[in-house]
Amino acid sequence: MKEMIIKKDALMNLLTGRADDCQVFAPVEVEGSLVIKEIQPGDEITISSMNTKASIKETFFPQRERLFSYDLSKPGEMKEPPFSDRKRIVFGIRPCDAKSLTVFDCVFKGKDYPDPYYIDKRDNTIVIAVGCNEPSTTCFCSDTGAGPFSTDGADLLLVDLDGSYLVRVVTEKGESFVNENTAFTEAGQQQAETRDAIVDKATKAVHAQVNPDKVKKKLDDGFDSNVWDIIHEKCIGCGTCTYLCPTCHCFDIVDETTGTTGERLRIWDSCMYPFFTLHASGGNPRKTGKERMRQRVMHKFKYFVDNNEMVACTGCGRCVKYCPVNLDIREILKQIEVS
Amino acid sequence: MNNPYLPLQARIDKVIMETEDRNIKSFELSFLNKKDEENFQFVPGPFAELSIPGKGEAPFGIASSPTEKGMLKFSINRTGLFTEAIHNLEEGAIIGVRGPLGNHYPVEAFENKNVVIVSGGFAFTTLRSLTKYMIHDDNRSKYKNITVIYGARSPGLLLYKDELREWEKRDDIDLHVTVDAGDDDWKGKVGFVPAITKEVAPSAEDTYVIVCGPPIMIKFTIPVLQELGFPPERIILSLEMRMKCGIGMCGRCNIGSEYVCKDGPVFTLAQLSQMPDEY
Ligand SMILES: Cc1cc2nc3c(=O)[nH]c(=O)nc-3n(C[C@H](O)[C@H](O)[C@H](O)COP(=O)(O)OP(=O)(O)OC[C@H]3O[C@@H](n4cnc5c(N)ncnc54)[C@H](O)[C@@H]3O)c2cc1C
Ligand code: SF4
Ligand code: SF4
Ligand code: FES
């Protein structure tokens, strides 16, 4: 893989300088939390060892997205939102979030029904991820097929070498970005060695905890297992895990009208809610927390694997960190593994 | 790129009140745009998302047959927000249609076979489509005996009454209409669909059976069919789940790894027995 070097301040200048001709999204500290937002003049891009609280999902699949607008006084007329070819740069996301885009690609770039809203954003975006020198205790990305320096889903993967970044060129899109900018120079032998040491140290810091292959084998005939009776018990069904999860993509479609005009919206929804599957007839195939927790785990570690040969979890640890009752997906998976 | 969320525009040409409780209406639609009509190709079985701006969308089985050119039919039971809104529309109104969505009945496999249709209540819709399709002049000779067992709670709740009368007269379709409870004028069969299926006792030999209806009817009909010797590969069902997108993305209609909206709604009993019991 081709590797380049760029000084950190040169890269920051390049990114903030590009904000005129393209949208740049990067982590910024807002009221004490790290969030990914579109950079405005004066914003300070912050790359810390902390991951952003919310994932990159919003930037490609917004929580609330207009599918089209309508005017009740003009039946049959619908206006799609403008699909633009405005270029976008996403900078500073972690490899787990970059990896989640490969999960989303399976869902929204399928051959049956390509999703124009997602594809418009995805195809116009260069993803510049930054590897994790200091993974945190909630991370288990190495178990899920990613890892602190995984290049999956990224166009460029950066390794933090203190004053500069080593730039791994992953895709053609990444390659042309690098070629357009003279601030990138070829990496040398010494930098490659430093990179090796950093990658090695970080990779060792993410301890193997769960084995998705073993979990999958259990789940293959584990639908009626009695683990499901136990593991959901603490869950209060708040849905936090699914909203923060970079791979959860369930949504609802609703109309919002004010006066005579309105919009059909796609909004995030969650399999952890009872209304999610409630039939008009009153029946509900996932009546209790047990069925809903089973669906969440099964979807990520079995159903999605059956359909796409990939687990729908990047090991980012957000659900572990922010669950109000400390339900830890890693513990759930371990319980399944030994069930 | 085709936008799968954008409904095609259609006009309601005809509204038919089907049942005496005034809860089920049939709507006959035609596309405003000739191109949409040409592109809307289907084989009986799929559904479509009907759409009214401001009221949202809901999935409905396509009740017309592809042999009924230029017309799309839906029969809609009034139960909530959307269905109430569509019941309030009049002839001439414009509505949206997204589809056809989902798979279809395996009509190719039915060729040179007997076909039995067992249905109760308003789930008859896509089976009306199938029946119409199979008895069409172009198609009838492809199939052997066609038996239709169709039941409703009372005579007034039967759908497509005029058509049933026509089918009654044909000798190339063996029709058994039944009601749970008759009235003074009712001269047909009285009894629940499973019991009538047992009484009619269609031969399982070289035969496919399609079952659609309320869960309770399906539950009691399947054992009857198994007793008659139908193997699970030749028992076909059409499922209903809560749906939104209809294109396998929104995540709510799956049974195990299968999305009912995309991989279904038509499954064989053999397929269903491989899937978790979550529907
Ligand atoms: C494949 C399929 C085919 C169907 N065919 C027919 C048909 O031919 N005729 C008919 O009358 N009904 C049919 N239904 C059921 C019909 O979709 C629901 O009755 C309808 O969605 C109720 O909407 P509502 O807004 O009136 O009810 P509400 O209770 O107000 O429902 C609120 C919302 O829930 C959703 N919803 C509730 N129940 C269902 C459900 N069972 N399926 C899907 N979405 C649901 C709707 O999207 C609706 O927006 C079918 C359902 C499916 C899945
Ligand atoms: S399930 Fe939890 S750890 Fe896995 S990707 Fe989602 S939020 Fe991250
Ligand atoms: S965040 Fe925790 S409590 Fe909330 S739904 Fe997820 S597992 Fe349940
Ligand atoms: S209805 Fe959305 S996935 Fe099936």
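## Where chain A meets chain B

A polar contact is a pair of N or O atoms within 3.5 Å; within protein, one atom must be able to donate a hydrogen and the other to accept it. In this predicted model, that rule finds 24 residue pairs in polar contact across the interface of chain A and chain B, both residues of each pair being at pLDDT 80 or more. Four salt bridges are also counted between the two chains.

Stepping back, 44 residues of chain A are in contact with 39 residues of chain B. Together the chains bury about 3,300 Å², with carbon and sulfur atoms giving 58% of that area.

## The chain A side

Several elements of chain A give two or more residues to the side that touches chain B, among them β4 (64-71), α3 (95-108) and β12 (261-268). The top contributor is α10(A), with seven residues. Sorted by class, this side of chain A holds 24 nonpolar, eight polar and twelve charged residues.

## Inside chain B

Chain B has its own divisions: domain 1 (8-101), domain 2 (107-235) and domain 3 (239-279). The centres of domains 2 and 3 of chain B, taken over C-alpha atoms, lie 24 Å apart. Their contact takes five residues from domain 2 and four from domain 3.

About 370 Å² is buried between these two domains of chain B, 69% of it from carbon and sulfur atoms. On the domain 2 side, Pro232(B), Glu233(B) and Ile235(B) supply 73% of the area buried against domain 3. Here the count is zero salt bridges, while three residue pairs are in polar contact.

Definitions and conventions
Residues are numbered from 1 along each chain as its sequence is written. Chains are lettered from A and ligands numbered from 1 in the order in which they are written. This is a predicted model: local features need pLDDT of at least 70, side-chain atom pairs count only at pLDDT 80 or more; totals for chains, interfaces and linings use all residues. Side-chain values use heavy atoms; hydrogens and water are left out. Domain bounds come from an automatic or database domain assignment. Contact means heavy atoms within 4.5 Å. Buried area is the accessible area (1.4 Å probe) that two parts lose on being put together, summed over both. A salt bridge is a side-chain nitrogen of Lys or Arg within 4 Å of a carboxyl oxygen of Asp or Glu. A polar contact is a pair of N or O atoms within 3.5 Å; within protein, one must be able to donate a hydrogen and the other to accept it, and residues adjacent in sequence count only if both atoms are side-chain atoms. Helices (H or I, at least four residues) and strands (E, at least two) are DSSP runs, numbered from the N terminus. Ala, Val, Leu, Ile, Met, Phe, Trp, Tyr, Cys and Pro count as nonpolar, Asp, Glu, Lys and Arg as charged, and the others, Gly among them, as polar.
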